[in-house]
Amino acid sequence: MNRNCLLIVILLFVYFPKGFSVKNPDVRSERLTKKQLRDKVKGAWAGQVLGCTYGGPTEFRYVGTMIQDYIPIPWGKDEVKKWFDTAPGLYDDVYVDLTFVEVFDKYGLNATVDDFANAFKNSNYPLCHANQQARYNLIYGATGHEAGFWKNNPHADCLDFQIEADFAGIMSPGMPNVASAICDTVGHLMSYGNGWYGGVYVAGMYSLAFIYDNIEKVVEDALILIPQKSTFYQCIRDVINWYKKYPGDWKQTWFEVERKWSEDYACPDGVYVPFNIETPVNAAYIVIGLLYGQGDFERTLDISTRCGQDSDCNPASAGGILGTLLGYSHIPEKYRKELIPVEDTPFSHTPYSLNKAYEVSYKLALGEILLHGGEEQSETVTIRAVSPQPVQFEESFGGLKLLRKDSFYKSIKELPEMEFKGVGMVLKGMLQGDINQEYVGEVAVFMNDQLLEKVYLPIKWNNRKHEIFFKYDLPNADYKVRFEWLNPIEGSDIQVTDAIFYDVE
């Protein structure tokens, strides 16, 4: 220790003989009664289910266009029960969400990536986009966070984790950084970059809604979790700024989002078509609903729905976040009463009902509060609330640009050799046929007459590969590509729809 350091230490002991502390302005205590905590947990799940139900009739029916005011969105008696009875798959965002709740319930708050990966891999519900490709990756040997990485998953920026991250915020009341840590463990199973940020942001809004009473502050402060150089951050920041510029006109803000942020070059299903399941645009619709809804539950659901695209999941997220802020008891009775007939009915593909979700999530929330420095009293809980901190920066498909999209709509047996100069391609299509469900097609991919990869295509729907082939990190060069089906069987075919090619910026 040099002389100056020694002098400093001596002075500290002289002036602070009992030690000293520096007040951390980012840490504060927040107190809720247990009744309030339980009411907010119930409001979170109830709001999510109600929002999903409200937007159910419109899901992906309005792509690239808003749902105009003259178009009615029906809400009648037994509306929720009708969907439970006739189309329970509507609540896919809820029952995937509950898969992760069940893992925490079974293994405790220290559940591992492997615990979540195994539960997700072995689930028996149908999936699409990032979720399905992740499950395929896990089945074929990927480790947990490899499954969602963008080079392994063309849908890494899709909204899959955004619509199923509710649980992370619900079990982290007033602790947004705890919510983002849970998202790191679970969300990278199926997402990366913007796809992951959507889940972090939604979970952060849920978390802050437990301790804030202003929805604008929830929207604003949760965005601190997201790195500013990400395009997800920039999109949501634009929405907030447009809300301030056009405070009475959500349609103008919707239009600005479409004009600046609606291009989709990553998700193979959204390239060159109005369909957009990417995370930033759909997160923007959640935020438009929350900001312009101004705390009114019905208006919030209606605006988020009328923004279009994934117009059941977006109002589900908005409804869940606002339901948390308001609490179950302050959700309008018009909507709340429709939940009563189904409160003890398990969601499809899970043993969890609404009532069970309420109780388990309340238990998990109490556990997280205590684990992270909070306290439990007889009638209250004290939360150690730490202000949001940005998560790590990551980017999917960075530096890539679209070259072209070729459409074929023919059997892979008839597919011509393709040529391109660039760094990557995606081949869209699928194995079809009324054949043995254990069959797995094998396709060899040749580039410049060299075997690049053997692709496995299970016929079983839940095990399927979402695209036939994809590769994003080839050396920048000229390529000739052909595909050879190695084990065709009678009654089956591999139908190819499109090939998408990429270069670098």
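User: Which residues of α10 meet Arg 237, Ile 240, Tyr 243 and Lys 244 in α11?
Analyst: This is a predicted model: local features need pLDDT of at least 70, side-chain atom pairs count only at pLDDT 80 or more, and totals for chains, interfaces and linings use all residues. Residues are numbered from 1 along each chain as its sequence is written, and side-chain values use heavy atoms, with hydrogens and water left out. Helices are DSSP runs of H or I with at least four residues, strands are runs of E with at least two, and both are numbered from the N terminus. Contact means heavy atoms within 4.5 Å, and the α10 residues that meet α11 are Glu 216, Val 219 and Glu 220.

User: At what angle do helix α10 and helix α11 pack?
Analyst: Axes are lines fitted to C-alpha atoms, for helices over the stretch in contact, and angles run from 0 to 180 degrees between N-to-C directions. Helix α10 covers residues 215-222 and helix α11 covers residues 231-245. Their axes lie 10 Å apart, and the angle is about 145 degrees.

User: How far apart are the closest N and O atoms of Asp 221 and Lys 217?
Analyst: A salt bridge puts a side-chain nitrogen of Lys or Arg within 4 Å of a carboxyl oxygen of Asp or Glu. Asp 221 and Lys 217 are four residues apart in helix α10, so about one helical turn separates them. Their salt bridge has its closest N and O atoms at 3.0 Å.

User: Is Asp 221 buried or exposed?
Analyst: Buried means under 20% relative accessible area, exposed over 50%, and partly exposed in between (1.4 Å probe, protein chains only). Lys 217 has 40% and is partly exposed. Asp 221 has a relative accessible area of 14%, so Asp 221 is buried.

User: Which residue forms a network of salt bridges with Lys 151 and Asp 473?
Analyst: The side chains of Asp 473 and Lys 151 meet in a salt bridge of 3.7 Å, N to O. That pair links distant parts of the chain, 322 residues apart. The network also includes Lys 471.

User: Which residue in β9 is the bridge partner of Val 426?
Analyst: Two strands pair if DSSP finds at least two bridges between them. Strand β6 (residues 424-433) and β9 pair in the antiparallel sense over three bridges. In β9, the partner of Val 426 is Phe 470.

User: What is the order of the four strands in the open sheet?
Analyst: The pairing is antiparallel. The edge strands, each pairing on one side only, are β4 (400-411) and β9 (469-471). The order is β4-β11-β6-β9.
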